[in-house]
Amino acid sequence: RDAPRCLADLIETFRAQLRDDPDVASAVAAIRALLGFLKQDRGETIQGLRSSLLAAIDTLSRVDSSVAVSSGGELFLRFISLTSLEYSDYSKCKEIMIERGEIFLRKVSLSRNKIAKLCHPFIRDGARILTHAYSRVVLRVLEAAVESKKRFSVYVTESQPDQAGQVLTNLQKMAKALRKLNIPVTVILDAAVGYIMEKVDLVLVGAEGVVESGGIINKIGTNQIAVCAKAQNKPFYVVAESFKFVRLFPLNQQDVPDKFKYKADTLKTSQNLTEEHPWIDYTSPSLITLLFTDLGVLTPSAVSDELIKLYL
C-alpha cells in the first residue's frame, strides 16, 4: 500500500479507538495506531521507516491538536529507536522496534493506576476537593480513594466552552462519572472558583502537557484556579502520565504554540485566531504544589531532570 493510503488508515484507526473506548487517553490511542502503522510499514530502510513514523506522528497531531498526542508520539519514536543503531539488518531492527513498541504501550497503559496509588493517600477522610473539566486520571485517583473507604466531596467546574464538567457530549463527563461512584458532587460556575475556594481543602487537576519548567498546559481556566488556590494557601495537585512530558519552555500564555491552543478544525478554518477562544492555558510551576506521575511524586523543579532522562 502506498503511504497516503496508510496515513488515511492511520487516522481511521486512531478515530475508531477513541470512538470504541471512551476511557482511552488520546495519546494512548495515537501510540496504538502508530504501533499498527509500524507493523504495516513496507519500507526497506531504517531511515525510511523513521521518516514514515515522523510523518505519521505529524498526521495524528493535525487530527488531534492536544499536547499529549505530540509528546506521546515523540516519546514512542525515541523509545523504539534506541536499539535501531545496533542492528544493520532491517528486518531484525524492525522486529526489535515492534517489540519495544509493545513494551512502551504496556508501560503507558499502566500509568493511571500507578498515579492513583501514589496520589490517593493525599486525600484525607472528609476532604472537599475542587477539580476542573474532565480528567480520566483525576477520576481514577478519586476512584482509588473511594476503594480505600475514604469519604469526601467534590466541586467540579462547569468548564466552558464545552462544559466538560457537566454536560454529556460523546464522553461520559466528570459530574456524571463521579456520581456513578457515589461521590457527592456539586457543579459550580467557572466564575465561582474564587468564591468556593475558602471551602476547599485541595485542588486536583489533570494536565494535557507537563512542560520543562514543571508548569502545565491544561484546559482553559486551570491557571486562574491555581492563582486562587495560591492566594488562599490551598494545595494545588496535578496528576499526569509521563507521556505528557513535552519539550516546551513557555514563560507565559503567548509562548504556548497556537497548534496546542486551538482545536485542529479551528486551525484549518479560522482566518483570525485572535477571535477564537483558546482551549488551554499555561499554569506556572510556582503555583503547583506537587505533580503525581508514573515516575513518582515530583515537585515542579524536579520535572526538568525527569524530562531530560525521557528525551535522552
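How much accessible surface does the protein chain have, and what share of it belongs to carbon and sulfur atoms? I got about 14700 Å², with 52% on carbon and sulfur (Shrake-Rupley method, 1.4 Å probe).

Ground rules for my notes: this is a predicted model, where local features need pLDDT of at least 70, side-chain atom pairs count only at pLDDT 80 or more, and totals for chains, interfaces and linings use all residues. Residues are numbered from 1 along each chain as its sequence is written, and side-chain values use heavy atoms, with hydrogens and water left out.

Overall fold. I looked up the secondary structure and found twelve helices and ten strands (DSSP runs: H or I of at least four residues for helices, E of at least two for strands, numbered from the N terminus). The radius of gyration is 20 Å, close to the 20 Å from the globule rule for 312 residues, so the chain is as compact as a globular protein of that length. That radius is taken over C-alpha atoms, and the rule is 2.2 Å times the number of residues to the power 0.38. The C-alpha trace spans about 60 × 45 × 35 Å along its principal axes.

Contacts next (heavy atoms within 4.5 Å). Of those between residues at least 6 apart in sequence, 74% join residues at least 24 apart.

Then I zoomed in on Val108, which sits in helix α5, residues 90–119. Is Val108 buried or exposed? I have it as buried, at 8% relative accessible area (buried is under 20%, exposed over 50%, partly exposed in between; 1.4 Å probe, protein chains only). Leaving out residues up to four places away in sequence, Val108 touches Val28, Ile31 and Phe243.
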